[in-house]
Amino acid sequence: MTALPDHSPFHSAFRGDGPRIGVVLSHGFTGSPHGLRAWAASLADAGFAVRMPLLPGHGTTWQELARTRWTQWHEALDGAYLELDAECDHVFSAGLSMGGALALRVAATRPVAGVILVNPGLVIDDPRAPLAGILKLVLKSTPAIANDILKAGMDEGAYPRTPVAAAHELNKMFKDTIRLLPRVTAPVRVFRSTVDHVVSDSSIVALRRGLTNAPLELTRLENSYHVATLDNDADQIFEGSIEFIRSVIPASAGGGIAAPVHQAPAGSQEGTARD
C-alpha cells in the first residue's frame with residue numbers, strides 16, 4: 001500500500017558547534033514539501049537548521065491554489081528565511097522548479113550565503129501562457145504535468161489539475177524574478193536533469209543571462225527527470241548540496257558541522273560544468 005503524501009512543513013534546529021548555518025527550502029508549483037522531504041531531512045541530518053514551508057494554496061485543492069497570488073508564495077518563503085536569519089549566522093536558499101525561482105527571489109532581496117537549485121523554472125514555454133490572464137475567465141484548469149520521475153513507484157503528491165489562474169500568477173512571478181537576477185551576488189549551485197519534461201532549457205538560458213553578478217556552477221543529472229529530488233540522482237543532489245554549503249562556509253570559519261548521513265563513494269566524480 002502506497003503511503004499518502006505528507007504535505008506538512010519541515011522544521012529542524014541547528015545541531016553542531018560551528019557556524020550556525022540554515023537552509024530555507026521551497027517546493028514547486030502544485031506540489032508540496034512531500035517532494036523535497038528527503039532533501040530537507042538530509043540537510044537536517046548534516047546539522048543544518050532547515051525551514052520548508054507549505055506555500056499558500058498548496059497541499060489542499062487546486063481550487064484553493066486558483067485563489068492565491070504569487071506574492072503570497074514569496075512572502076511565505078521570505079518569512080521562513082527571516083526565521084532562520086534570526087537564529088543562524090548564514091542562511092542558504094534552495095528550491096525545486098518554481099521553488100527555485102522563489103529561492104532566487106530571496107537571494108535577490110536578502111543577504112543569503114548561497115543558492116541551491118534543482119531544475120529551476122523561470123520561463124513557461126507553453127504558447128498559451130501569455131493568454132492565461134484571459135483564459136482563466138473561461139477555462140478553470142488544465143491537465144497537470146505531475147510525477148515527471150524516471151524512478152518507478154514514486155509519487156510527488158502534486159495536484160491532478162493545474163488552475164489556469166495560478167498559472168497566470170506563475171508566469172508573472174517568473175518575469176519579475178528574471179528582472180531581479182542581476183541583484184543576486186551569492187554563489188549559485190544548479191542541479192539540472194538532462195531530460196526534463198516540465199522545465200525546458202529556456203529557463204537555464206534565462207538564468208545564465210540574468211546572473212551577471214554571481215558565480216554559477218551546474219551539475220548534470222543523467223538519470224532523473226524533473227522531480228529529481230525523488231529520482232535516481234537524489235543522493236547526488238543531497239550530497240552535492242552539503243558539499244556546496246561547506247565549501248561556501250567551511251568548518252574552519254568557526255567550528256564543525258555534523259557529518260552527512262550519506263557519503264559519496266571513494267573516487268566518485270560529479271559531472272560538473274563551472275561558469
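Which residue forms a salt bridge with Arg 189 at 3.8 Å between the closest N and O atoms? Select Glu 217: the two form that salt bridge. Arg 189 lies in strand S8 (residues 188-193) and Glu 217 in strand S9 (residues 216-221), so the pair ties together parts that are 28 residues apart in sequence. Keep in mind that this is a predicted model.

**Stop 1: around Arg 189**

Stay on Arg 189. This residue is buried, with a relative accessible area of 0%. Glu 217 counts as buried too, at 13% relative accessibility. Glu 243 counts as partly exposed, at 40% relative accessibility.

**Stop 2: strand S3**

Select residues 49-52, which make up strand S3. Both faces are covered. Ala 49 and Arg 51 are buried on one side, Val 50 and Met 52 on the other.

Next, show the neighbours. Strand S1 (residues 10-12) runs antiparallel to S3, joined by three bridges. Look for Ser 12, whose bridge partner in S3 is Val 50. Strand S2 (residues 21-26) pairs with S3 in the parallel sense, again over three bridges. Here Val 23 stands opposite Val 50. Follow the chain from S2 through helix H1 (residues 37-45) to S3: this β-α-β crossover is right-handed.

**Stop 3: strand S4**

Move to residues 90-96, strand S4. Six of its seven residues are buried, so S4 is largely enclosed by the rest of the structure. S2 pairs with S4 in the parallel sense over six bridges. Find Leu 25, which stands opposite Ala 94 in S4.

Then select strand S5 (residues 114-118), which pairs with S4 in the parallel sense over five bridges. Phe 92 has Gly 114 in S5 as its bridge partner. The chain crosses from S4 through helix H4 (residues 98-109) to S5, and this β-α-β crossover is right-handed.

**Stop 4: Asp 78 and Arg 110**

The structure holds 13 salt bridges. One of them joins Asp 78 and Arg 110, with the closest N and O atoms 2.8 Å apart. Asp 78 lies in helix H3 (residues 70-87) and Arg 110 in the loop between H4 and S5, so the pair ties together parts that are 32 residues apart in sequence. Arg 110 counts as partly exposed, at 30%.

Definitions and conventions:
Residues are numbered from 1 along each chain as its sequence is written. This is a predicted model: local features need pLDDT of at least 70, side-chain atom pairs count only at pLDDT 80 or more; totals for chains, interfaces and linings use all residues. Side-chain values use heavy atoms; hydrogens and water are left out. Buried means under 20% relative accessible area, exposed over 50%, partly exposed in between (1.4 Å probe, protein chains only). Helices (H or I, at least four residues) and strands (E, at least two) are DSSP runs, numbered from the N terminus. Two strands pair if DSSP finds at least two bridges between them. A crossover is right-handed if, with the strands pointing away from the viewer, the path from the first strand over the helix to the second runs clockwise. A salt bridge is a side-chain nitrogen of Lys or Arg within 4 Å of a carboxyl oxygen of Asp or Glu.
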